[in-house]
Amino acid sequence: MKEKVAIYCRLSEEDKGKTELEDSESIQNQKNILTSYAFERGWEIYRIYSDDDWSGLDGERPDWNRMIRDAENRRFHIILSKSQARFTREMESVEKYLHKLFPLWNIRFVGLADFADTDNQGNKKQRQINGLVNEWYCEDLSENIRLVFDKKRRDGLFIGSHATYG
């Protein structure tokens with residue numbers, strides 16, 4: 001019996017010029033890389049889940065939540081993502097799913113680019129460190145953006161998305 005794999009793709013920022021109904025170029029690339037990887041291993045693709053324009057810290061991602069429900073119902077055996085950061089940037093979710101619930105549900109997680117693989121118990125610490133770094137990255141980015149906006153405001157520069165009327 002072939003192992004069933006769920007592919008998960010995510011991107012925070014939308015590509016310029018794409019319509020709302022299109023996948024961003026990055027999402028398309030993730031899908032191509034991950035489907036090729038799955039086929040090379042003889043895995044059957046259960047479904048491709050994709051959250052375009054969603055932060056990895058956001059727990060309300062629609063396809064992510066759909067995938068978690070399907071994992072709990074054991075509809076597939078493996079979750080394949082480009083990296084652990086594409087799956088989540090929240091350390092709490094890394095611990096909750098990768099280290100607690102997925103093993104209970106017999107779900108394997110594979111992050112292709114960062115070699116995260118829950119079948120390899122030897123890289124659990126690496127997955128935990130990656131989880132912290134991924135979460136800290138978002139915090140640092142947010143702080144850096146806030147500093148730039150504060151400076152622009154102090155300098156009297158416009159920081160909104162649309163020019164004001166009047």
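This is a predicted model: local features need pLDDT of at least 70, side-chain atom pairs count only at pLDDT 80 or more; totals for chains, interfaces and linings use all residues.
1. Strand E1 (residues 4-11) runs parallel to E2, and eight bridges join the two. Two strands pair if DSSP finds at least two bridges between them. Helices (H or I, at least four residues) and strands (E, at least two) are DSSP runs, numbered from the N terminus.

2. Residues are numbered from 1 along each chain as its sequence is written, and side-chain values use heavy atoms, with hydrogens and water left out.

3. What is the overall make-up of the chain? There are five helices and five strands. From the N terminus, their order is β-α-β-α-β-α-α-β-β-α. Of the 166 residues, 39% are buried. Buried means under 20% relative accessible area, exposed over 50%, and partly exposed in between (1.4 Å probe, protein chains only). The accessible surface of the chain is about 10200 Å², and carbon and sulfur atoms hold 50% of that. Such areas come from the Shrake-Rupley method with a 1.4 Å probe; for residues, only the protein chains shown count as cover.

4. Now the sheet as a whole. Its five strands form an open sheet in the order E2-E1-E3-E4-E5, and the pairing is mixed. Strand E2 (44-52) and strand E5 (116-117) are at the edges. Each has a single partner strand, so one side of each lacks a neighbour in the sheet. Helix H1 (residues 25-40) packs on this sheet. H1 touches E1, E2, strand E3 (78-81) and strand E4 (108-111). The direction of H1 makes about 160° with that of E1.

5. Move on to the partners of E3. E1 and E3 run parallel and are joined by four bridges. In E3, Ile7 is bridged to Leu80, and Val5 to Ile78. E3 also pairs with E4 in the parallel sense, over four bridges. There, Ser81 stands opposite Gly111 of E4.

6. How many of the eight residues of E1 are buried? Seven are, and the strand is mostly covered. E3 is covered on both faces. Ile78 and Leu80 are buried on one side, and Ile79 and Ser81 on the other.

7. Two helices deserve a look together. Helix H2 (residues 62-72) packs against H4 at about 30°, and their axes are 10 Å apart. That makes the two helices roughly parallel. Axes are lines fitted to C-alpha atoms, for helices over the stretch in contact, and angles run from 0 to 180 degrees between N-to-C directions. Angles under 35 degrees count as roughly parallel, over 145 as roughly antiparallel, 65 to 115 as roughly perpendicular, and the rest as oblique. H2 contributes Trp64, Ile68, Ala71 and Glu72 to the contact, and H4 contributes Ser93, Tyr97, Phe102 and Trp105.

8. Ser93 counts as buried because its relative accessibility is 6%. Its side chain makes a polar contact of 2.8 Å with that of Glu90. A polar contact is a pair of N or O atoms within 3.5 Å; within protein, one must be able to donate a hydrogen and the other to accept it, and residues adjacent in sequence count only if both atoms are side-chain atoms. Beyond its neighbours within four places in sequence, Ser93 contacts Trp64, Thr88 and Leu98. Contact means heavy atoms within 4.5 Å.

9. Another serine, Ser26, is in helix H1. Ser26 counts as partly exposed because its relative accessibility is 23%. The C-alpha atoms of Ser26 and Asp52 are 9.1 Å apart, although 26 residues separate them along the chain. For the chain, 68% of the contacts with a separation of 6 or more join residues 24 or more positions apart.

10. Last, check two backbone angles. Most residues other than glycine have a negative phi. Asp53 is not a glycine, yet its phi is positive, about 75°. Asp53 lies in the loop between E2 and H2 and is partly exposed, at 32% relative accessibility. Asn106 is not a glycine either, and its phi is positive, about 55°. Is Asn106 buried or exposed? Asn106 is exposed, with a relative accessible area of 63%. Its place is the loop between H4 and E4.
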